[in-house]
Amino acid sequence: MTANEIRARFLKFFKERGHAILPSASLVTPDEKGVTNATLFNSAGMQPLVPYLMGEPHPAGDKLASAQKCLRTTDIDDVGDATHATFFEMLGNWSLGAYFKDEAIKLSYEFLTSKEEGLGLDVNRLYITMFEGDETAPRDEESKQIWLSLGIPEERIYFMSAKSNWWSAGDNGPCGPDTEMFYDIVGGLNLKNKEEFIKADDEQKVVEIWNDVFMEYEKKEGRVIGKLKQHNVDTGAGLERITAVIQSKSNIFETDLFAPVIVEIEKLATKNQADFKAKRIISDHLRASVFLIADGVLPSNTDRGYILRRLLRRAVRYADILGIPEGNLVNLTKVIADIYNDSYPEIKNSLNKIKEEIKQEEAKFRQTLVKGLREFEKGTDPFILFTTYGFPLELTQELAMEKGEQIDLRKFNARMAEHQVLSRAGAEQKFAGGLADNADPQVIKYHTATHLLNQALSEVLGNGIEQKGSNITAERLRFDFSHPNKMTDEEKRKVEAIVNKQIQADLSVGQVILPKAEAEATGARHMFNEKYGDEVSVYYIGNDLATAWSKEFCGGPHVTRTGELASTNSAQAAKFKIVKEESIAAGIRRIKAVLE
Ligand code: ATP
Ligand code: MG
């Protein structure tokens with residue numbers, strides 16, 4: 001069965017069982033100008049459906065299914081192994097209060113094993129995990145009974161901890177146990193117990209192919225407070241992995257979704273032909289880039305554009321390792337487009353643009369790469385590599401790691417901070433999530449005002465408040481946060497006074513890039529249900545990071561000093577004003593504020 005047939009079969013199977021088939025949403029999550037939202041891409045099939053899983057009725061009904069384009073930059077370091085890609089497709093089916101565990105598990109099982117309408121997988125190679133229970137929720141005996149009733153032997157069903165088999169959207173909202181299906185990709189493993197299973201999983205002899213999440217409980221402030229009125233089901237199965245299983249391949253790169261690309265890479269390569277990791281990385285990163293450009297992302301120095309740039313640059317680096325001559329990576333786009341001709345016509349439709357962007361980006365980076373590699377070999381400092389040669393820090397880190405060395409990030413950041421004071425704009429433009437290419441100065445002011453507001457709110461309402469969203473235009477800021485009560489007039493006045501005081505204090509605004517753990521250790525505010533990269537950018541307001549009044553995970557951009565937010569009318573003092581405070585959902589408040 002081809003991957004295209006598997007996708008079609010999945011959708012048909014669920015359509016015939018009463019599910020409305022939804023088209024894939026764009027890879028790019030929706031936002032408006034100025035939104036500070038760290039979720040840049042859809043990374044799971046459920047992501048475009050979040051409002052409906054939270055309770056909003058879906059216009060297409062209460063049973064849904066889709067094949068969704070996903071991008072997980074968090075998996076970038078795993079690309080090269082047997083089962084991880086940055087871009088992949090997730091097949092999923094959803095029940096919005098329609099069916100629950102019993103039917104969900106039966107549907108998964110039937111699709112995986114039915115020869116006529118499903119995939120006809122060998123049931124003897126299937127292994128199942130589920131939630132073992134803890135102080136917040138009981139062991140998921142129910143799921144176990146359902147699997148047993150379907151004929152899965154007890155020795156192939158394992159209870160696991162919350163770490164692997166509990167899903168939640170953050171500290172507030174729905175959560176619940178999941179049950180995961182694994183497949184023996186080697187064949188004949190015949191694992192007899194949990195220890196053997198864990199070992200096989202570790203060695204990638206069994207791979208997770210499908211995950212059924214049961215949204216059954218509700219969390220408030222990190223605690224399970226009870227059961228939800230409406231129980232939902234959210235499932236996700238990776239098309240690439242399922243295809244590998246069906247096509248009897250031990251890794252996703254040998255499936256028909258990748259093999260033609262790998263063949264083309266082998267044609268272009270002039271050295272290191274045996275470097276399969278390089279081939280996998282190039283094929284993955286090019287495929288992801290093709291899909292990103294088709295969805296309107298262009299290489300740049302900020303957020304989405306920077307992710308694309310990073311993928312392309314990394315592909316160029318591995319092309320260099322394989323001796324693929326400059327200007328040839330673009331040959332892969334046609335091969336990729338052909339694979340997705342019918343399923344994702346947006347690629348074919350923007351193929352010229354895709355080719356042009358990839359060509360340009362490769363041309364720009366080849367020079368930098370050659371010079372930077374030479375300097376790196378000489379032992380040149382990462383800071384010099386970055387500022388003088390434009391060599392990206394993450395590449396220096398990768399090269400160092402391959403030699404078993406580590407970059408002293410503290411030193412790098414310290415030099416960077418110094419450098420920024422000297423040539424702020426110039427330096428920042430090279431940062432991931434740095435100065436936006438064309439951010440409106442008024443929007444930037446409101447962005448900094450949002451950080452001041454966030455901190456002021458926590459001082460007035462307590463540290464329990466958590467940012468839930470924000471939206472900024474040149475006219476106003478909007479800020480959503482968790483808080484159980486309507487703010488009193490006095491609380492609002494206090495918040496305004498604090499923000500205005502900090503504007504008048506003309507505090508400096510600084511940025512550091514830190515490994516995630518170090519960034520968290522600074523106590524910087526961030527959204528708990530967001531996935532951040534390995535390195536995060538922290539903006540702080542105050543003289544230095546240690547003593548700063550406000551610290552937040554944020555990609556910028558910001559003003560240099562808070563004094564820039566003061567009224568341009570010199571007769572008037574700074575005027576940050578809350579114009580509206582309202583509830584937008586249970587426990588979520590929204591503030592609209594202006595700078596007068
Ligand atoms: P793993 O632990 O193997 O990384 P996961 O727990 O991150 O998987 P889920 O978030 O449960 O996976 O996603 C649902 C399904 O999507 C998985 O069962 C798998 O089939 C697929 N999937 C997840 N990540 C990737 C990836 N990076 N590349 C390809 N398929 C993936
Ligand atoms: Mg994962």
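This is a predicted model: local features need pLDDT of at least 70, side-chain atom pairs count only at pLDDT 80 or more; totals for chains, interfaces and linings use all residues.
Helices (H or I, at least four residues) and strands (E, at least two) are DSSP runs here, numbered from the N terminus. Residues are numbered from 1 along each chain as its sequence is written, chains are lettered from A and ligands numbered from 1 in the order in which they are written, and side-chain values use heavy atoms, with hydrogens and water left out.

Strand E3 (87-96), strand E8 (206-220) and strand E9 (223-238) each contribute at least two residues to the shell around ligand 1, and E8 gives the largest share, with four residues. A residue is near the ligand if one of its heavy atoms lies within 4 Å of it. There are 14 residues around ligand 1, and Asp-75, His-84, Glu-208, Asn-211 and Gly-238 come nearest. Sorted by class, the shell holds five nonpolar, five polar and four charged residues; here Ala, Val, Leu, Ile, Met, Phe, Trp, Tyr, Cys and Pro count as nonpolar, Asp, Glu, Lys and Arg as charged, and the others, Gly among them, as polar.

Next come the polar contacts, meaning pairs of N or O atoms within 3.5 Å; within protein, one must be able to donate a hydrogen and the other to accept it, and residues adjacent in sequence count only if both atoms are side-chain atoms. An N or O atom in the side chain of Asp-75 is 2.7 Å from a nitrogen atom of ligand 1. On the oxygen side, a polar side-chain atom of Glu-208 lies 2.7 Å from an oxygen atom of the ligand, and Arg-241 places a polar side-chain atom 3.0 Å from an oxygen atom of ligand 1. On its own, ligand 1 has 590 Å² of accessible area, and the protein covers 79% of that. Accessible areas come from the Shrake-Rupley method with a 1.4 Å probe, and for residues only the protein chains shown count as cover.

Arg-241 leads us on to helix H7 (residues 239-246). Eight of the eight residues of H7 are buried, so this helix is largely enclosed by the rest of the structure. Buried means under 20% relative accessible area, exposed over 50%, and partly exposed in between (1.4 Å probe, protein chains only). Among the buried residues of H7 are Glu-240, Arg-241 and Thr-243. Ser-248 follows H7 and lies in the loop between H7 and helix H8 (259-268). Ser-248 has a positive phi of about 55° although it is not a glycine, and it is exposed, with a relative accessible area of 65%. Gln-204 also takes a positive phi, near 55°, in the loop between helix H6 (194-202) and E8. At 26% relative accessibility, Gln-204 counts as partly exposed.

Now for the wider layout. The domain assignment, which is automatic or taken from a database, gives domain 1 (3-252), domain 2 (258-378) and domain 3 (436-595). A nonpolar core is a set of buried Ala, Val, Leu, Ile, Met, Phe, Trp, Tyr and Cys residues joined through side-chain atoms within 4.5 Å. This one has 123 residues, and those with the most contacts inside it include Leu-112, Trp-147, Ile-209 and Tyr-340. Helix H9 (residues 276-294) supplies the largest share of the core, 10 residues.

Just after H15, Gly-404 has a positive phi of about 75°.

Helix H18 (residues 441-461) holds Ile-444, which counts as buried at 14% relative accessibility. The C-alpha atoms of Ile-444 and His-558 are separated by 5.3 Å, although the two residues are 114 residues apart along the chain. His-451 is also found in H18 and is buried, with a relative accessible area of 2%; a polar contact of 3.4 Å joins its side chain to that of Glu-552. Finally, a cis peptide bond with omega of about 0° joins Gly-556 and Pro-557, and Pro-557 lies in the loop between strand E14 (550-553) and strand E15 (576-585).
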